[in-house]
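Student: I've got a structure to go through. Can we take it piece by piece?
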Amino acid sequence: MIRERPKAIVLHSRDNVATAIRDLEVGELVEVKVGSQSVVVKLLDPIPFRHKFALLDIPKGEEVYKYGEVIATALRDIKRGEHVHIHNIASPQRSA
Amino acid sequence: MSVRELFGYLRSDGRIGFRNHILVLPTVVCANQVCQDIAHLVRGSVALPYHGGCGLLPADKELVTRCLCHVAANPNVAGVVVVSLGCESVDAVELTEGIADFGKPVELIQIEKLGGTLEATCRGARAALRMVLEASRLKREKVGLDSLMLGLECGGSDPASGLTANPVLGYATDRIVEAGGGAIITETTESIGAEHVLARRAVSTRVGEKMLEIVRRYEERVRQFGADIREGQPVPGNIEAGLTTAEEKSLGCVLKAGSSPLVEVVEFAVIPNQKGLVVMDTPGFDPISMGGLLAGGCQVICFTTGRGSPSGVPIAPVIKISSNSECFQIMNEHIDFNAGTVIDGEEKIEQAGERLLDLIIEVANGAATKAEALGHNLFGVWTHMQL
């Protein structure tokens, strides 16, 4: 069987972002595995290799999950398929 | 999946060795040359040169003595020749007695008492020869996966490390911990930003608080020199490569430790009381953090890298894991395992993790790593100040 090289990776089933594992174009349909489920996301931005995009709409103030952990908080509403980077997320207030 | 059987050397303190080295251990930098000469004369003995052992604050003297003693007590070591100058800060007699308390054959050679390098080398080589011959008669016996204490390390990381090599190692770590074995993760500096995640995974409030404390203490120490360790993280190169926050960067690093509960947080070079996942307070500097792993009793070290560090330690095999296939090709003579397959789409994290677990067992059973075959020999001891 010839397997197509995957475009993005989700590291934990709780995550609401995926990481591109090659440069992806705006409008591209990307299929990713979230746990045992397959999810298809249409990209609203070009996503450079190793950058992230939203798997779901993330409202302003909501937590951003990668590795199953909170890596940041949304600074504004982020749409499914949007580039998730320092322009729209930032370090959460550390509770520790 | 292959049958995962482990064979190791039963040591008198109950721990299991997966190598059978005779260690030639200097108490002080001035004894390094004699140690190296002895190790050169006697095959099967290995010197552990390091830069320290004198001009120490009392607290550092204790730290160095503990580290040397516990490294000598590492189950991969079958016997020890301690080489002392005679006027150093480290108390060679106390160190030798400490090693003997672990039930390990040990002999002390004192350079000043013997009149210099030549006599000390000759006496030390005779002791090493006797120990090598004795150790060579020991046989490996079948042991459980629970006898394994894995060291977790990274160096020359790249942005793929958090996507491939570290989660793949984390998968293997979880399997070893599930089987009753242990793993130690070091480098307090690299966990900053993710310390609350490790603390939350602690088995008790006390362990969780200790995790947060070692980070606070480290920050404070750095602040004494006018620097802020959190400032500027992630660096611009990280951001360009897709990282957004210090949390994201550090989480990518502590993934090496998998998802097991944190059972213990230990000071530098302390032997953990518990099996399971352990944090040891060390700096991020590889010779010292790996020195801590040896002292903690790790018999095998897994080292993830994106650039391809050549480093190895004298008494334990270091399995080098590349985060990307380019590194695996370019630095192939140093890399034992490629986790870049995960972003190449050839394997899932779990598949690569199973393959890594097979390699860890093969190496524990005696297969040489590239760092071992090339004789890479890094070792350092943490001190706060050199007087």
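Student: Is the crossing of H1(B) and H5(B) left-handed or right-handed?

Tutor: This is a predicted model. In it, H1(B) and H5(B) cross in the right-handed sense.

Student: What angle do helix H1 and helix H5 of chain B pack at, and how far apart are their axes?

Tutor: The angle is about 45°, and the axes are 9 Å apart. H1 covers residues 32-41 of chain B, and H5 covers residues 117-136. Angles of 65 to 115 degrees would count as roughly perpendicular, and those under 35 as roughly parallel. H1(B) and H5(B) are therefore oblique to each other.

Student: Which residues in H1(B) meet H5(B)?

Tutor: Gln33(B), Val34(B), Asp37(B), Ile38(B) and Leu41(B). On the H5(B) side, the residues are Thr117(B), Ala120(B), Thr121(B), Gly124(B), Ala125(B) and Ala128(B).

Student: And by class?

Tutor: The contact of H1(B) with H5(B) has six nonpolar, four polar and one charged residues.

Student: Switching to chain A. How many helices and strands?

Tutor: Zero helices and nine strands. The radius of gyration of chain A is 13 Å, close to the 12 Å from the globule rule for 96 residues, so chain A is as compact as a globular protein of that length.

Student: What box do its C-alpha atoms fill?

Tutor: Roughly 50 × 25 × 20 Å along the principal axes of chain A.

Student: What's the strand order in the open sheet of chain A?

Tutor: E1-E2-E5-E8, four strands with antiparallel pairing. The edge strands are E1 (8-9) and E8 (83-84) of chain A.

Student: How many bridges join E1(A) and E2?

Tutor: Two, in the antiparallel sense. Ile9(A) has Thr19(A) in E2(A) as its bridge partner.

How values were computed:
Residues are numbered from 1 along each chain as its sequence is written. Chains are lettered from A and ligands numbered from 1 in the order in which they are written. This is a predicted model: local features need pLDDT of at least 70, side-chain atom pairs count only at pLDDT 80 or more; totals for chains, interfaces and linings use all residues. Axes are lines fitted to C-alpha atoms, for helices over the stretch in contact, and angles run from 0 to 180 degrees between N-to-C directions. Angles under 35 degrees count as roughly parallel, over 145 as roughly antiparallel, 65 to 115 as roughly perpendicular and the rest as oblique. A crossing is left-handed if the near helix is turned anticlockwise from the far one by less than a right angle, and right-handed if clockwise. Two residues are in contact if their C-beta atoms, placed from the backbone, lie within 7 Å. Ala, Val, Leu, Ile, Met, Phe, Trp, Tyr, Cys and Pro count as nonpolar, Asp, Glu, Lys and Arg as charged, and the others, Gly among them, as polar. Two strands pair if DSSP finds at least two bridges between them. The radius of gyration is taken over C-alpha atoms; the globule rule is 2.2 Å times the number of residues to the power 0.38.
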